[in-house]
Amino acid sequence: MAPTMSDASLSPPPADTDKRRQILDGAREVFLASGFDGASMGAIAKAAGVSKGTLYVYFESKEALFEALTIEEKRTLAENICRLDHDDPDVAAVLRRLGTSLMEAMVRPDHIASVRMVIGAAEKFPRFGRAFYEAGPLLGRARLRAYLDAQVDAGRLRPMDSDLAARHFFDLCAATTMRRLLFSVGDPPTEAETTYWIAEAVRVFLAAYGPEGR
């Protein structure tokens with residue numbers, strides 16, 4: 001199995017406080033409305049209902065605030081989506097639920113805007129891209145990899161490179177929608193389209209990784 005970063009290698013989230021939460025909520029509003037470059041600490045302080053002095057007590061710069069917001073949002077999203085029952089014998093059903101939750105989260109306008117914003121800022125601030133990737137896709141992949149390993153051990157899936165298989169599954173789910181929405185092409189999928197596309201992603205995945213001899 002290829003060596004990869006695990007959940008344990010991701011640093012734990014900082015302790016939350018009501019004031020910190022208030023600031024992050026205000027920052028999210030301003031960043032989504034104005035983008036990273038257009039946002040200012042003054043506007044964020046106003047949206048959060050705090051003074052600029054208080055804002056700087058919690059975050060030393062706009063960059064630090066944006067990075068903290070990115071890590072929190074993507075970590076929370078990955079943890080909520082990738083709650084996988086290792087003991088459920090119906091692998092197809094588990095993967096369909098995962099794929100559906102992933103698709104529903106990915107196509108939300110605020111998520112699309114967030115991805116665009118990180119991509120736009122990452123050339124100047126590479127740590128933004130790294131923070132997004134490690135807190136979101138990498139954490140989600142680690143969770144799915146652990147689930148797939150458990151299914152291999154239980155004989156429900158064939159032996160595999162589980163990290164590569166997790167990449168394959170997420171790419172199958174994203175292939176029909178994510179790229180075109182990032183470029184503002186078309187509309188988010190309907191419920192029927194999501195159901196069909198995820199069912200096909202699971203079918204293709206299990207054709208490659210399902211138990212041998214079935």
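Predicted model: local features only at pLDDT ≥ 70, side-chain atom pairs only at ≥ 80, totals over all residues.
Trainee: What makes up the chain, in helices and strands?
Mentor: There are 10 helices and 0 strands. Read from the N terminus, the elements run α-α-α-α-α-α-α-α-α-α. The C-alpha atoms fill a box of roughly 65 × 40 × 30 Å along the principal axes.

Trainee: What share of the residues is buried?
Mentor: Buried residues make up 42% of the 214 residues in the chain.

Trainee: What share of the contacts with a separation of 6 or more comes from residues 24 or more positions apart?
Mentor: Such residues account for 73% of those contacts.

Trainee: How many positive and negative side chains are there?
Mentor: The chain has 27 positive and 30 negative side chains. The centres of the two sets lie 3 Å apart.

Trainee: How do you know that Cys82 is in no disulfide?
Mentor: Set the distance against the cut-off. A disulfide needs two cysteine sulfur atoms within 2.5 Å. The nearest cysteine sulfur to that of Cys82 belongs to Cys173, and it is 10 Å away. Therefore Cys82 is in no disulfide by this definition. For Cys173, the nearest cysteine sulfur is that of Cys82, again 10 Å away, and Cys173 is in no disulfide. The count for the chain comes to 0 disulfides.

Trainee: Why are Cys82 and Cys173 both called buried?
Mentor: Buried means under 20% relative accessible area. Cys82 has 6%, so Cys82 is buried. Cys173 has 1%, so Cys173 is buried.

Trainee: What is Gly99 in contact with, leaving aside its neighbours within four places in sequence?
Mentor: Gly99 is in contact with Phe169, Cys173 and Ile198. Gly99 lies in helix H5.

Trainee: Why is Gly99 called buried?
Mentor: Its relative accessible area is 0%. The cut-off is under 20%, so Gly99 is buried. Gly99 and Ile81 are 18 residues apart in sequence, and their C-alpha atoms are 8.8 Å apart in space.

Trainee: Where is Asp88, and is Asp88 buried or exposed?
Mentor: Asp88 is in the loop between helix H4 (62–81) and helix H5 (91–106). Its relative accessible area is 18%. That value is under 20%, so Asp88 counts as buried.

Trainee: What is Asp88 in contact with, leaving aside its neighbours within four places in sequence?
Mentor: Its contacts are Val94, Arg97, Tyr147, Gln151 and Arg156. Take Gln151, which is 63 residues from Asp88 along the chain. The C-alpha atoms of Asp88 and Gln151 are separated by 9.3 Å.

Trainee: Where is Thr177, and why is Thr177 called buried?
Mentor: Thr177 lies in the loop between helix H8 (162–174) and H9. Its relative accessibility is 0%, so Thr177 counts as buried. Leaving aside its neighbours within four places in sequence, Thr177 is in contact with Met103, Val107, Pro189 and Trp197.

Trainee: What about Thr194: buried or exposed?
Mentor: Its relative accessible area is 8%, so Thr194 is buried. Thr194 is found in helix H10 (residues 191–209). Beyond its neighbours within four places in sequence, Thr194 is in contact with Thr100, Met103 and Pro189.

Trainee: What makes the phi of Ser184 worth a look?
Mentor: Ser184 has a positive phi of about 60 degrees, although Ser184 is not a glycine. Most residues other than glycine have a negative phi. The place of Ser184 is in the loop between helix H9 (178–182) and H10.

Trainee: Is Ser184 buried or exposed?
Mentor: Exposed means over 50%. Ser184 has a relative accessible area of 57%, so Ser184 is exposed.

Trainee: Which residues does the UniProt annotation "DNA-binding region" cover?
Mentor: In the unreviewed entry, that annotation covers residues 40–59. The span is 75% helix and 0% strand, and its end C-alpha atoms lie 13 Å apart.

Trainee: Which residues does the UniProt annotation "domain: HTH tetR-type" cover?
Mentor: That annotation, also from an unreviewed entry, covers residues 17–77. This span is 85% helix and 0% strand. Its end C-alpha atoms lie 20 Å apart.

Terms used
Residues numbered from 1 in each chain as written. Heavy atoms only, no water. Helix = DSSP H or I, 4+ residues; strand = E, 2+ residues; numbered from the N terminus. Buried < 20%, exposed > 50% of the residue type's maximum accessible area, 1.4 Å probe, protein only. Contact = heavy atoms within 4.5 Å. Lys, Arg positive; Asp, Glu negative; His and termini not counted. Charge placed at Lys NZ, Arg CZ, Asp CG, Glu CD. UniProt positions renumbered as here; feature names shortened; annotations may be inferred.
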